[in-house]
Amino acid sequence: MDRATLGGVTALLLLIVSAAAAASESSPALRESVATLPVAASGGQINSNSVLVALLDSHYTELAELVEKALLLPSLEAAVGRHNVTIFAPRNEALERDLDPEFKRFLLEPGNLRSLQTLLLYHVVPSRVASDSWPQSRRPTLAGDHVQLSSSSSAGAAVDRKVGLAAVVHPDAVVRPDGVIHGIERLLVPRSVQEDFNRRRSLAAISAVLPTGAPEVDPRTHRLKKPAPPVPAGAPPVLPIYDAMAPGPSLAPAPAPGPGSGKHWFDGESQVKDFIQTLLLYGGYNEFADILVNLTSLATEMGRLVSEGYVLTVLAPNDDAMARLTADQLSEPGAPEAIMYYHLIPEYQTEESMYNAVRRFGKVRYDTLRLPHKVMAREADGSVKFGAGEGSAYLFDPDIYTDGRISVQGIDAVLFPPDEEAPPASLLSPAAHKAEVAQVKAKAKLKAKLRRGKLLEIGCNLLGAFGQRSHFATCQ
């Protein structure tokens, strides 16, 4: 770099520092961050040979851009003016491709400036750490937390240096009189920033909002205030799930009280929050959780259902499956809700119960909240396979969350209802066709008999619940 170019870089850096210092006058978070650092001894001047100038002119452009957006140049200038610093710089690939896009959006939101500052200051140690004398100890950072430095070596092999869980891939990448920069393979995330991000994704911080133009429901009658326009067959219900489902006793095997009893035995909102948090901590289901919380009102509706005693089984597609969805599939009004409805089964099922059912009966059809569509399950390769043809999905992350009311089962594809097509004309002979019709009628009679027995059992249970002891005794 020639003298003219160096002078231009220095002038540009001074201009950026002046603008950042002016902006800090109106930023309480930045004033608090600067107050924790010592005052610079250089009187606001940065040497052209400073490690900060080298950082802005180095190959770590993504990190340098985040430092400028976080308004941290005055704070780092104060630290450099007081003592040597060591900067652990993540490579650009770690910030471009390896970083979760949702986490990066969280860092760049204006309301999360303090979290971004804490994250970046966690990469700066207020002392010089040379690669030839790498310590085996914890070192304080400018963020107020400590970072663990460690190293290991074997005979005839190079020394492996680590900062926390990140390996040092370019030791002594930049060496200057007032500091040194070591290149690391990944971003360092302090616990406080991770907790802030988790709280942002929780139901306590983000409430599900009904989409614009949603039908208004009378809270006293749970009916629409205005008649809804006609919807095509198979479309999601106009009323919310809680209002659309007919009240009645739960037939699920889970121990749950009947809806409408007036006794809210369970805190549905807390349970929905717990299972969404479990999805996020489990990893690989961020997109599904994001749609539940941000794009639809299903999280709120599920909380109300569970509070009233209903039980649900959630078939959760992983992030790879959600990434295969096209923009057209999600851009239509009500499309996210329609997709989610088809992945909610109003029963409590575990991996064991579903696998036992498909092994015994071959194929099982489960009701979904996207009426009247059902999802078919069958046994395949020692697991449960949902759907048919190319639109099928395997159960590969079983029992992610099971608490007796909500069951979450991970699947590897997004399910869609099969297209309703007319059955093909029969090509059987008259005798074979007659035998097939007789077999269908026999199955229908057996199904009706089983259904009458189930209805009788439900009626007896209701009579017993309402105190009709004499009639209840005759049922037994």
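Which residues line the second largest cavity? Glu62, Leu66, Leu95, Leu99, Lys104, Leu107 and Leu108 do. Before we look around, a word on what you're seeing: this is a predicted model, where local features need pLDDT of at least 70, side-chain atom pairs count only at pLDDT 80 or more, and totals for chains, interfaces and linings use all residues. Residues are numbered from 1 along each chain as its sequence is written, and side-chain values use heavy atoms, with hydrogens and water left out.

So what's a cavity? Rolling a probe the size of a water molecule over the atoms shows where empty space is left. Here, a cavity is a set of points, on a 1 Å grid over the protein atoms alone, where a 1.4 Å probe fits but cannot get out, and its lining residues have an atom within 4 Å of a point. Its volume is the space filled by probe spheres set on the points, with grid points joined across faces, edges and corners.

Back to our opening example. The second largest cavity has about 50 Å³ of space. Helix 7 (101–108) and helix 4 each give its lining at least two residues, and helix 7 has the largest share, with 3. (Helices are DSSP runs of H or I, at least four residues long, and strands are runs of E, at least two, numbered from the N terminus.) By class, this lining holds 5 nonpolar, no polar and 2 charged residues; Ala, Val, Leu, Ile, Met, Phe, Trp, Tyr, Cys and Pro count as nonpolar, Asp, Glu, Lys and Arg as charged, and the others, Gly among them, as polar.

The largest cavity has a volume of about 60 Å³. Its lining includes Leu55, Leu63, His123 and Val124, and helix 4 (61–69) and helix 8 (113–121) are the elements that give it two or more residues. Here the count is 8 nonpolar, 1 polar and no charged residues.

Now find the open sheet: its 7 strands come in the order 2-1-7-6-5-4-3, with mixed pairing. Strand 2 (124–125) and strand 3 (138–140) are at the edges with a single partner strand each, so one side of each has no neighbour in the sheet. Two strands pair if DSSP finds at least two bridges between them. Strand 6 (residues 166–176) and strand 7 (residues 179–184) run antiparallel, joined by 5 bridges; Val174 has Ile181 as its bridge partner in strand 7.

Finally, confidence. The average pLDDT (the predictor's confidence in each residue, from 0 to 100) is 74 for the protein. Over residues 9–44, pLDDT stays under 50.

Technical notes. On a 1 Å grid over the protein atoms alone, a cavity is a set of points where a 1.4 Å probe fits but cannot get out, and a pocket is an open set with protein on both sides within 12 Å along at least five of seven lines; lining residues have an atom within 4 Å of a point. Contact means heavy atoms within 4.5 Å.
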